[in-house]
Amino acid sequence: MTLAKRGGNPFSGAWPVCRKEFTHISRDRATLFFALLLPVMQLMLFGFAIDTNIRQIPTIVLDEARTQESRRLLEMFANSDAFKLDSIARSDREMQNAIVSGKAKAGIKIPVDFSRRLQDGQQATILVLIDGSDSTVTNYAVNVSSGIMLQESLRRLTGGNVTLPLEVRHAVLFNPSTRSANFFVPGMIAIVLQAMIIMLVAFSIVREREKGTLEQLALTPVKPLGLMVGKMTPYGLLGFLELCTILILMRFVFQVPIHGSLLLLLLLSLPFLLTILGIGLLVSTKAKTQTEAFQLAMGSLLPSVFLSGYMFLIDNMPLVFQWISHLMPATYYIAILRGVVLRGAGFGDLWVNAAVLTVMGTGAILLAARQFVRSGAQ
């Protein structure tokens, strides 16, 4: 007989059960952290860090004229707050190499006859090179540079002239058609690999902990570091296979050409795989259940999406968030991917990113092994 038929209160016992759950939640620090602190931390993090406005584009300058007129024009670019004129090139090759290596996002070349043509009443032209691997930067740089030249032309325009005295020619490098797929797909590789591998590695150890088989491994002669390496190796091979599959899809389905060396890209991918395998092991040593492992993995994924340069420029973030972005493995791997795939960068341009990832990965694995020993495989 139901409570309704007995005439009882259908909500009888609700308060004791509710009190029991409140007690359980108050004692479960992981639940409190993910329910209260993590959303607030993410809101503060993303709210202050994300800025869709483009400012201070790293720009290299090749001023062959070196006259008062050319310096005035460069001052207008600098004062626009769109371009950060932080380096000087001595040749076309040096300017091109700076953009290929990623040290500059744009280049301004003022030809040697710039001032002479202005004085003779002829149209003077400058060249603006733009890194087309970032479509947002490309469109903004084109619009701002065109506006600056138009403003200066109107200032110099005399009543008898019908032709603007100044002209800007844009050369969009690496992605002339400004396809968004060329920008997003290479970066997406880092995000997909990180999400997949961290979860697989973390779940594998947490699953054994839940089944009780991890304690049996702890009693065997297997060393903690050997256990960590043995656990992550199959998932590392799986991640490498996944990387090759994604690269094939990127090339033939999304039509994103690989301008650099494919062999170099695969080689420089190994440090990133090592790093995210180590992070997966670290997550597994902290999580007690698969639910906690999933929450920790997702907690590490979201900052990588927003702060690694995948969607928003790191240079536009406040300084403290730029420091945080440099602690994320995805930041360095996205730089490698876009450098090789879009700009055709070589090992000399990208070895620092690979070295940082190698240090991160080695440290994460050693820390995970130490944490495994301290936790006693519990």
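A crossing is left-handed if the near helix is turned anticlockwise from the far one by less than a right angle, and right-handed if clockwise; by that rule I noted the crossing of α4 and α7 as right-handed. I was working on a predicted model, where local features need pLDDT of at least 70, side-chain atom pairs count only at pLDDT 80 or more, and totals for chains, interfaces and linings use all residues. Residues are numbered from 1 along each chain as its sequence is written, and side-chain values use heavy atoms, without hydrogens and water.

I then looked up the angle: the axes of α4 (residues 68-79) and α7 (residues 135-156) come within 10 Å and cross at roughly 135 degrees. The two helices are therefore oblique to each other.

For the contact (heavy atoms within 4.5 Å), I listed E69, R72, L73, M76 and F77 from α4 against S145, I148, M149, Q151, E152, R155 and R156 from α7. These residues divide into 5 nonpolar, 2 polar and 5 charged.

Next I searched the whole structure for cavities and found 1 of 30 Å³ or more, a cavity being a set of points on a 1 Å grid where a 1.4 Å probe fits but cannot get out, with lining residues having an atom within 4 Å of a point. The largest cavity holds about 30 Å³ of space, and E69, R72, L73, F114, L118, E152, R156 and L166 line this cavity. I noted that α4, α6 (114-119) and α7 each give two or more residues to the lining, with the largest share, 3 residues, coming from α4.

Technical notes
Axes are lines fitted to C-alpha atoms, for helices over the stretch in contact, and angles run from 0 to 180 degrees between N-to-C directions. Helices (H or I, at least four residues) and strands (E, at least two) are DSSP runs, numbered from the N terminus. Angles under 35 degrees count as roughly parallel, over 145 as roughly antiparallel, 65 to 115 as roughly perpendicular and the rest as oblique. Ala, Val, Leu, Ile, Met, Phe, Trp, Tyr, Cys and Pro count as nonpolar, Asp, Glu, Lys and Arg as charged, and the others, Gly among them, as polar. On a 1 Å grid over the protein atoms alone, a cavity is a set of points where a 1.4 Å probe fits but cannot get out, and a pocket is an open set with protein on both sides within 12 Å along at least five of seven lines; lining residues have an atom within 4 Å of a point. Grid points are joined across faces, edges and corners, and a volume is the space filled by probe spheres set on the points.
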